[in-house]
Amino acid sequence: MKNKICPNCGVILDNGLVICPLCKSSPGKDHNEKSEVYPSDILKLSEKKSRIYTWELSAIIAFSANLICIIVDMVILKGLSWSLYAVTAITGLWLFITSFAFFLKRPAMLGISLAITTLVMLIIFDLLSPPVVWFFGIGLPISLSFWILFAIFLFILRRIKTKGFNVLAIVFVELSALCIVIDIFIDMVLKENINIDWSAITAATLVPVAGVLFFIHYRMKRGKDLGSFFHV
Amino acid sequence: MKDSFHTDIEQRGWMSLDNAAKIFPPVISKSLSSVFRIGCELSEPVRISSLRRSVEETCQRFPYYLTSLHKGFFWYFLEYDKNIRPSIVAEDKKPCVAFPAKKGDYPLFRIVVLGNMLSVEFLHVLTDGGGALEFFRTLLVTYLRNCGYNVPYSEGIIDPSSPIDASETEDAYNKYFKKDVPLPPKLENAWHLPFETAGKGYLGIIQAEISVTDLKKISKENNVTITEYLASVYLFCLQEIWNGEERKDKQILRLEIPVNMRRSYTSRTMRNFSLFVLPELDLRLGYFSFEEILIHVHNYMQIQTDKKLLSKVIARNVKPEKNIFIRTTPVFIKDLVLSAAFRKHGATKYSGVLTNVGIARMPEEASGYIETLSMIPPPPVKELKVSCGILSFNDRLCISFANNTANNELEKNFFSFLTGKGLKVRILKNIWNEKQNLSQLRGNTR
């Protein structure tokens, strides 16, 4: 009987060998047809596939962690108390991972899903210790301000041609704005009169630094890419 | 008008240094310029307006050379500037003078002119002899055409109007690096010429011409290539000097011979892509006759240019730069470590350097306008004292010795040996020594 030759590896297969021991393909079959996943295929898994696998793994871990927290809480304290906070945090984290797994290449959707997750988490935390006191006064405006500033940052980032020190400068300016917003809303809830103090100091420090960075970028580096300076 | 980009560097505006280039920025200085030259002597004086136009046209085709060296946080990098142009300067007191490369925004190559002589000098950060020769051949033909001569872009010379291939900027070392390849064994330190350096910044040049036909004939008679033959002569002359020494602390004579990797691997890169072959004589085994040296060198060259063994050298060179700790170390620490390592180990493994860039093929129509073509290697490091560069054109092979001592014994022995074998050696006029002597005289009279 004539020996078969593996169409993939080119090795001669001894009589009786139906499948190539190297690549697991069958010489009788069309060698383009792939019926199994090979180790090399696992390595070559597409970015999307590996993200989904990571997401599935994170779901199992999050579910297990939630279950452990609930069971431990019920066994020791005979009810649901602290585990509700843990479950909210773990589920929130898992929702973050979910957003990245499915919307990584859609920044608008990613931003919206992250913002909604944050807000839902915050309101649940507030609801867990009634009455609801800080969510509408502090949590909602600060987190909304953060996401709006983040959206503005992404918008500017898309518009600017060369991303260098100017990106850091924008981050510093936005951080200053966020600090002022935080200062205002905390004052509104806790002191009932607005007194911008610590955020003014922060802004007074960050804005000149941003100015220097803008100067370096647009005058000294003439709009050069930051990737060149920090490439590893 | 929208910009059209042909290469990665034009699009990104910068590129990282290739593997071979990474060692240079920390170590380059006024005395160790890491600059080499490819030049020619024309049949008539250089026409500067035609040259300027030719430089402009040639630079358009080689945009990846329009860069300057900059210090990043982790690594140095080359920054592209479409408006940067090489300076066209008059011949200095010596060739291969350092570039102010680390001061930023300076081009890393220049055009040097004196009378009939036209040269291009490159900082090794940018490219090696192979890349520089391609640039120079295009420049030369473009220049001759701009002078009104009917010279075609044949013999593989790049036409400035031809499209740019993106692979011309690839880091071929990284492309052909295989991480699982074992590293080559470590080498013992080699002996160095005992001559005293002549003083800071001194560089003596001796150039000579030999007939390629005659050299080919004698090499063929000995069943070796021209490079192998000349390397054997070099080692033989080193052995003669070693024999004459009283203090023989090291007994290995080893030659560093750069190999153009574009011949072994498929790459069109115009950046650095050469490695070294290191034929050696272990003098603990006794005296080597010239015939024995020929056999040694021939076999070393044959085995060390084997693709599999070359992949070991690539692995040794590239592996460190893949290490995450090395990659994330700030550049000022890398500078300190690399310059200290270079001072300690830079030239400890070899006794001399012999670079044969090969044959500069030019169109037949250009032959009447070009007298000679030559390559001057980068000034040797302090320990090495002498280095040698070779370039052939038509039937003329030009050997250039760069020497930072006042002792020319090696060169004298080298050329005497060749004349002893019946070869005609024509020593070329040395314009730099005259200039250096003149400058020294002026200095003494002040």
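Tutor: Buried residues make up 44% of the 446 residues in chain B, where buried means that 20 or more other C-beta atoms, placed from the backbone, lie within 10 Å of the residue's own. This is a predicted model, in which local features need pLDDT of at least 70, side-chain atom pairs count only at pLDDT 80 or more, and totals for chains, interfaces and linings use all residues. Residues are numbered from 1 along each chain as its sequence is written, with chains lettered from A and ligands numbered from 1 in the order in which they are written.

Chain B has 13 helices and 16 strands, which are DSSP runs numbered from the N terminus (helices H or I, at least four residues; strands E, at least two). Among its contacts with a separation of 6 or more, 77% join residues 24 or more positions apart; a contact needs C-beta atoms, placed from the backbone, within 7 Å.

Now for the neighbour: 12 residues from chain B meet 7 residues from chain A. On the chain B side, strand 1 (14-16) and strand 4 (76-80) each supply at least two residues. By class, that side has 5 nonpolar, 4 polar and 3 charged residues.

As for confidence, the mean pLDDT of chain B is 90, and 96% of its residues reach 70 or more; pLDDT is the predictor's confidence in each residue, from 0 to 100. Where pLDDT is low, the predicted coordinates should not be read in detail. The model scores ipTM 0.70 and pTM 0.71.

Notes: A residue is buried if 20 or more other C-beta atoms lie within 10 Å of its own, exposed if 12 or fewer, and partly exposed in between; C-beta atoms are placed from the backbone. Two residues are in contact if their C-beta atoms, placed from the backbone, lie within 7 Å. Ala, Val, Leu, Ile, Met, Phe, Trp, Tyr, Cys and Pro count as nonpolar, Asp, Glu, Lys and Arg as charged, and the others, Gly among them, as polar.
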